[in-house]
Amino acid sequence: MSDVEAVEGSGGDSGGGWTRGRIIGVAIGVGVAVLVVTLLIVGLVNRRNDGPRFVADEVLAPAQRKPAPVYSLPVLSPGGTVAPAGRQVSLANLRGEPVLVNVWASWCGPCRDETPVLEGIWNRYRERGLTVLGLNVEDVTDNALGFIHKYKLTYPSLRDGSQKTKQQFGYTGVPETFLVDRNGKVALYVPGPLTPADINGFDAVVTPLLRT
């Protein structure tokens with residue numbers, strides 16, 4: 001063996017480079033870490049979705065609440081004096097009563113699944129001063145009207161064809177729900193679709209807002 005070969009051979013054995021074994025070990029470690037994080041996230045999401053999301057402890061204190069959008073939007077589906085047909089309505093017009101704003105679209109499967117929950121809340125609390133208000137976004141008007149007719153929705157909806165409420169509300173997709181207090185500020189944010197379990201804690205959340 002030449003002197004050059006001897007030097008090269010010894011450098012390969014004792015060097016601190018990335019050997020095949022070391023690369024495999026690091027890859028396994030990274031894979032395990034990713035798996036653990038994924039399981040934690042899935043567990044948190046499942047736990048969040050299994051239980052009610054209307055939790056009194058999650059209602060923001062008045063000083064922490066941010067104003068809801070006050071843009072005037074066309075009425076998509078009327079609802080009595082709250083949203084007369086052929087008019088434009090702003091959340092500013094609804095101050096004095098809490099409003100449950102549900103962001104939805106006709107192409108959204110989970111939006112379809114949550115309609116009985118929203119109808120149930122609307123029918124149960126409308127006489128006590130709560131308004132349920134749909135906010136239709138990223139949609140085609142005819143499709144949205146077809147959705148309302150198909151699922152027999154009686155609570156009013158507004159149409160935001162330009163998504164101008166998105167920045168102020170801060171929603172990231174559909175469906176998402178916001179509980180707005182009597183002063184026009186967001187008291188509670190609920191991501192994802194509502195489920196029957198969500199009704200369980202709703203009374204404890206909305207009753208204080210109906211009084212203050």
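Reply: Gladly. Strands are DSSP runs of E with at least two residues, numbered from the N terminus. With that in hand, β8 gives the most to the lining of the largest pocket, with 4 residues. Keep in mind that this is a predicted model.

Me: Which other elements supply at least two residues of that lining?

Reply: Besides β8 (185-191), they are β1 (66-67) and α5 (166-169). The pocket has a volume of about 190 Å³, and among its 13 lining residues K66, Q168, F169, F178 and V186 are the closest to its centre. By type, the lining divides into 8 nonpolar, 3 polar and 2 charged residues.

Me: Why is the pair of F147 and Y151 called tilted?

Reply: Two rings pair if their centres lie within 6.5 Å, and planes under 30 degrees apart count as stacked, over 60 as edge-to-face and the rest as tilted. The ring centres of F147 and Y151 are 4.9 Å apart and the planes stand at 55 degrees, so the pair is tilted. By this rule the count comes to 6 aromatic pairs.

Me: How do you know whether F147 is buried or exposed?

Reply: Buried means under 20% relative accessible area, and exposed means over 50%. F147 has 6%, so this residue is buried. Y151 has 26% relative accessibility and therefore counts as partly exposed.

Me: Which residues touch the most other members of the largest nonpolar core?

Reply: Of its 30 residues, these are F54, L100, I121, L130, V132 and F202. The elements giving two or more residues to this core are β4 (99-104), α3 (109-125), α4 (141-150), β8 and α6 (202-211). The largest share, 6 residues, comes from α3. A second, separate core of 20 residues includes V103, L133, F178 and V180.

Me: What is L100 in contact with, leaving aside its neighbours within four places in sequence?

Reply: Its contacts include F54, I121, L130, V132 and F202, and also L133 and F178. Two of these names return elsewhere: F54 and F202 form one aromatic cluster with Y125.

Conventions. Residues are numbered from 1 along each chain as its sequence is written. This is a predicted model: local features need pLDDT of at least 70, side-chain atom pairs count only at pLDDT 80 or more; totals for chains, interfaces and linings use all residues. Side-chain values use heavy atoms; hydrogens and water are left out. On a 1 Å grid over the protein atoms alone, a cavity is a set of points where a 1.4 Å probe fits but cannot get out, and a pocket is an open set with protein on both sides within 12 Å along at least five of seven lines; lining residues have an atom within 4 Å of a point. Grid points are joined across faces, edges and corners, and a volume is the space filled by probe spheres set on the points. Ala, Val, Leu, Ile, Met, Phe, Trp, Tyr, Cys and Pro count as nonpolar, Asp, Glu, Lys and Arg as charged, and the others, Gly among them, as polar. A nonpolar core is a set of buried Ala, Val, Leu, Ile, Met, Phe, Trp, Tyr and Cys residues joined through side-chain atoms within 4.5 Å. Buried means under 20% relative accessible area, exposed over 50%, partly exposed in between (1.4 Å probe, protein chains only). Contact means heavy atoms within 4.5 Å.
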